[in-house]
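Please walk through the model below, one part at a time.

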Amino acid sequence: MYSLPYKNGHYGQFGGRYVPEILMPSLIELEKAFNKYKKDKKFLKDLDDLYKNYSGRPTPLYFCENLTKKLGGAKIFIKNEGLNHTGAHKINHCLGQILLAKRMGKKRVIAETGAGQHGVATASVAAKFGLKCTIYMGARDVARQRPNVFWMEQVGATVVPVYDGNQTLKDAVNSAMRDYIADPESHFLLGSALGPVPYPEMNTFFQAIIGREVKKQCREIYNIHPDYLVACVGGGSNAIGLFYEFLDDKSVNLIGVEAGGAGKRNAIRFKGGKYGVIEGYKSYFLQDENGNTLPTHSISAGLDYPGIGPGHAYLKETGRVKYVSATDKEVLKAFQLLAKNEGIISALESAHAVAYAIKLAPKLAKNKNIIVNLSGRGDKDLFIITEALGDKKFYEFLKSKV
Amino acid sequence: MQKLLKKLKEKNLLMTHVVIGYPSLTETIKIITTMAESGVDIIELQMPFSDPIADGPVIMKANEIALKNGTTTKDCMKIMKDLSCIVKIPLLFMGYFNTIFNYGIEKFCKDAFKAGCQGLIIPDMPIEEEEQEKFYHYCEKYNLAPILVIAPSTPNDRLKKLAKFAKAFVYCVARKGVTGEKTDFQKDFQKYINNVKKYLKIPLAVGFGILEKKQVEFVHKHAQIAVVGSVLIKEYEKNKLMGIENLIKKLKK
Ligand SMILES: Cc1ncc(COP(=O)(O)O)c(C=O)c1O
């Protein structure tokens with residue numbers, strides 16, 4: 001790929017495999033297996049079958065007619081990854097990785113989760129393929145995404161709350177890595193386009209289905225040119241999944257939306273962050289002057305993370321992708337606007353992308369097209385949204401239940 | 001590195017570990033001098049870091065507290081400088097790569113050398129990234145020993161590659177997992193160490209989960225250096241400097 005060259009595990013200077021020696025043999029083995037199976041016809045056919053019949057792909061590309069009219073500018077389309085089984089794009093890389101783990105003879109998977117979407121997807125595919133599953137989740141995220149914890153447990157996973165540090169996604173990644181260090185025969189099913197080699201590349205490979213479908217749908221269903229692609233960026237998996245197919249086509253503008261949080265408390269890595277090597281890879285990180293990660297904040301647990309995938313760091317520096325941010329407030333508004341006009345309940349992570357599209361659309365001509373990646377549906381955010389909107393009736397309901 | 005190389009001519013060495021700034025900088029100085037006076041041979045001074053992925057709960061907590069106290073990389077340099085004049089034994093820095101990367105790799109090596117540091121143990125700086133970082137290059141330039149870490153799962157072809165970068169001694173992790181939990185030395189331990197010796201012709205240190213005298217004795221049958229970490233932090237928490245002194249004397253006897 002011309003716009004995102006990948007050489008010896010690096011995107012330019014970013015990426016790499018900065019891990020303790022104990023993990024080296026396992027990660028090298030994983031890289032070899034991935035390189036073999038990504039070209040294996042039977043493997044790809046099995047994966048395709050799972051995409052279709054387990055997850056329900058292809059996910060629709062939907063024209064938001066009402067929202068477009070209301071905003072009076074470019075046409076807005078939604079790539080509805082929220083209609084995947086388990087509710088988000090995370091299932092794409094989970095299916096890929098579990099198939100790989102199965103081929104490698106693994107008996108157990110370990111994963112971290114923030115919003116719980118990656119955790120639910122991992123736990124579900126582990127149940128399907130009969131592998132043991134342990135999920136690490138920051139204690140603060142356990143508290144704010146309780147429904148997902150319950151579902152993970154229902155499909156048979158052990159969920160371990162993490163009380164270290166900021167008690168969010170980064171701390172969950174650390175704990176999952178420590179488990180992997182103690183049990184390197186397991187498969188660490190990392191949930192975004194980050195971490196040590198081969199995770200960023202592997203994750204991108206399994207997520208790229210999003211952009212491939214979008215390309216086909218634009219051509220075959222709508223006969224349109226996708227002028228703008230917009231996706232939220234936590235670690236970067238749904239964004240790179242949407243962008244990848246279009247990286248070399250300069251007529252397509254690519255926009256990643258980071259978590260603007262509330263004032264100084266945010267997770268905008270490309271604003272406050274600088275180069276670092278943390279959790280096994282080199283990229284931009286929010287860190288202090290001694291290289292220690294800083295606490296982050298976002299209304300969405302899935303974007304509440306101080307690092308960003310190394311591929312995105314590269315695309316930021318070359319300028320191929322433009323990175324912007326949306327605040328918690330803008331996100332809630334966007335969530336409501338999409339719900340009221342299109343009857344679509346968005347995950348708070350994805351609502352960041354919606355928020356930017358809402359700003360962008362009125363500034364563009366009517367013959368332009370914006371594709372927004374709706375990375376997940378919002379069911380999991382019920383408790384956060386009712387609280388943020390101060391819904392008294394829901395509060396009464398909760399009280400009546402306990 | 002000379003102080004370290006000279007020390008490595010002796011047998012049955014004990015290396016201990018402290019986290020700089022835990023529970024405070026002034027206590028760290030007292031802990032290190034107590035260790036040196038009690039007969040410790042080498043000490044690794046860990047620079048506190050927010051995401052110490054190779055460390056278990058005890059050392060992790062100590063890192064967290066040291067950072068809460070505001071410990072900086074500059075503090076680490078200063079403590080190294082002050083102590084290497086006071087104690088005679090070789091002192092090393094242990095830490096995670098981001099601390100060094102942030103400080104500037106060459107500047108770090110230069111300052112560490114000037115502060116009297118003898119070597120660096122950086123578990124997440126693998127030789128594969130040398131082309132990018134020039135870390136081993138700067139270690140050599142500033143006369144610091146890069147202490148490589150080896151695991152039971154390290155295959156022979158990697159041992160061969162690692163041998164080209166290793167200086168002074170190598171750190172063999174006794175088992176899978178993070179620091180802290182007691183290691184149960186099994187029969188395959190001897191096989192593991194003997195295999196490492198085939199490829200690396202320099203002294204070996206063995207660490208992770210060494211808590212008591214019996215384990216130290218066992219390690220010394222196979223390797224020149226036994227490393228003790230978490231248990232000393234626990235001992236300090238219970239019995240302060242006296243506890244450290246007594247435990248080390250017991251381990252060294
Ligand atoms: C619905 C949804 N979107 C986006 C993200 C952010 O992850 P990424 O940037 O890897 O897509 C998450 C993470 O939990 C998520 O659950």
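The text takes up a strand of chain A, then the ligand site, then the sheet of chain B.

This is a predicted model, in which local features need pLDDT of at least 70 and side-chain atom pairs count only at pLDDT 80 or more, while totals for chains, interfaces and linings use all residues. Residues are numbered from 1 along each chain as its sequence is written, chains are lettered from A and ligands numbered from 1 in the order in which they are written, and side-chain values use heavy atoms, with hydrogens and water left out.

Begin with strand 6 of chain A, residues 132–138. Strands here are DSSP runs of E with at least two residues, helices are runs of H or I with at least four, and both are numbered from the N terminus. Six of the seven residues of this strand are buried, so the rest of the structure largely encloses it; buried means under 20% relative accessible area with a 1.4 Å probe, protein chains only.

Strand 6 of chain A pairs in the parallel sense with strand 5 (residues 108–113) of chain A over six bridges, where two strands pair if DSSP finds at least two bridges between them. Strand 5, helix 5 (residues 117–129) and strand 6 of chain A make a right-handed β-α-β unit: with the strands pointing away from the viewer, the path from the first strand over the helix to the second runs clockwise. Strand 6 of chain A also pairs in the parallel sense with strand 7 (residues 158–162) of chain A, over five bridges. There, Gly138(A) stands opposite Val162(A).

Turn now to the ligand. It is surrounded by 18 residues, the closest being Ser192(A), Gly234(A), Gly236(A), Ser237(A) and Ser375(A). A polar side-chain atom of Ser375(A) lies 2.6 Å from a nitrogen atom of the ligand. For Ser237(A), a polar side-chain atom lies 2.6 Å from an oxygen atom of the ligand. An N or O atom in the side chain of His89(A) is 3.0 Å from an oxygen atom of the ligand. Of the 390 Å² of accessible area that the ligand has on its own, the protein covers 98% (Shrake-Rupley method, 1.4 Å probe).

In chain B, nine strands form an open sheet with parallel pairing, in the order 5-4-3-2-1-9-8-7-6. Strand 5 (145–146) and strand 6 (149–150) of chain B are at the edges with a single partner strand each, so one side of each has no neighbour in the sheet. Strand 1 (residues 13–19) and strand 9 (residues 225–228) of chain B pair in the parallel sense over four bridges. Met15(B) has Val227(B) of strand 9 as its bridge partner.

Methods:
Buried means under 20% relative accessible area, exposed over 50%, partly exposed in between (1.4 Å probe, protein chains only). A residue is near a molecule or strand if one of its heavy atoms lies within 4 Å of it. A polar contact is a pair of N or O atoms within 3.5 Å; within protein, one must be able to donate a hydrogen and the other to accept it, and residues adjacent in sequence count only if both atoms are side-chain atoms.
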